[in-house]
Amino acid sequence: MAEFAGRIVVVTGGAGHIGRAICEVFLAEGAEVIAIGRRKPKTAIVAGDREASFFSADIRDPGASQALIDHMVSTHGRIDILVNNAGGGPPVAAADASPELTQKIIALNLTAPVVLSQQAHPALMASEQVASVINIASVSGARPSPGTAAYGAAKAGLLNVTKSLAMEWGPDIRVNALIV
């Protein structure tokens, strides 16, 4: 039997390279997967004969992320696993980054996963098993990151919030980070 059979898995940035691979692994293990992104992927996300659903949302917008959670609750009644994968940012020297770019990078890589996790908390608590939040971090959050200072700072913040939420929400909800 597949390890995640019947589990409801939400993956932000699900159409991108890492996100797509995460979706495919969960699909192959029997989960019902909902890929989240601003744009629908050009090709379906599949594993064997199973296909991920897609929900369009810009998770930097708290209203859009709340609409996602509302949809998940009305459709599935719960979320078993939330993967905060959406992220990234262009390389730019700290002295050259505009305030607007810095804010967008921090919003995508730190604020959005924190807010989405908070909004998802009741749906995670409704899981019949121990729920999980998996934050996709970066080595840039754990070491100096020339050319990606705002990104590195945001991922460092994500690592910290992961530890804080793990202590607050455990043992009902596991919260972990993967450094990729």
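In this predicted model, helices H2 and H3 cross in a right-handed sense. Helix H2 covers residues 62–76, and its axis runs 10 Å from that of H3, at an angle of about 20°. An angle under 35 degrees counts as roughly parallel, and H2 is therefore roughly parallel to H3. On the H2 side, the contact is built from Pro62, Ser65, Gln66, Leu68, Ile69 and Val73. Helix H3 contributes Val115, Leu116, Gln119, Ala120 and Ala123. Sorted by class, this contact of H2 with H3 contains eight nonpolar and three polar residues, and no charged ones.

Helix H3, which spans residues 99–125, also packs with helix H4, made up of residues 149–169. The axes of H3 and H4 come within 8 Å of each other and cross at roughly 15°. Because of this angle, H3 is described as roughly parallel to H4. The crossing of H3 and H4 is right-handed. From H3, the residues that meet H4 are Thr102, Ile105, Ile106, Asn109, Leu110, Pro113, Val114, Ser117, Gln118 and His121. Their partners in H4 are Ala150, Tyr151, Ala154, Lys155, Gly157, Leu158, Val161, Leu165 and Trp169. The contact of H3 with H4 has twelve nonpolar residues, along with six polar and one charged.

Turning to aromatic rings, the structure holds one aromatic pair. A pair of this kind is described by the distance of the ring centres and the angle of the planes. Here the partners are Phe4 and Phe26, with 5.0 Å from centre to centre and 75° between the planes, an edge-to-face arrangement. Phe4 belongs to the segment before strand E1 (8–12), whereas Phe26 sits in helix H1 (residues 17–28), so the pair ties together parts that are 22 residues apart in sequence. The surroundings of the two rings can be described as well. Phe4 is partly exposed, with a relative accessible area of 21%, while Phe26 counts as buried at 10% relative accessibility.

Glu51 and Leu27 are 24 residues apart along the chain, and their C-alpha atoms are separated by 7.1 Å. Once neighbours within four places in sequence are set aside, the contacts of Glu51 are Leu27, Ala44, Ile45 and Val46.

Key: Residues numbered from 1 in each chain as written. Predicted model: local features only at pLDDT ≥ 70, side-chain atom pairs only at ≥ 80, totals over all residues. Heavy atoms only, no water. Axes fitted to C-alpha atoms, helices over the stretch in contact; angles between N-to-C directions. Helix = DSSP H or I, 4+ residues; strand = E, 2+ residues; numbered from the N terminus. Parallel < 35°, antiparallel > 145°, perpendicular 65-115°, else oblique. Left-handed = near helix turned anticlockwise from the far one by under 90°. Contact = heavy atoms within 4.5 Å. Nonpolar A, V, L, I, M, F, W, Y, C, P; charged D, E, K, R; others polar. Phe/Tyr/Trp six-rings, centres within 6.5 Å; stacked < 30°, edge-to-face > 60°. Buried < 20%, exposed > 50% of the residue type's maximum accessible area, 1.4 Å probe, protein only.
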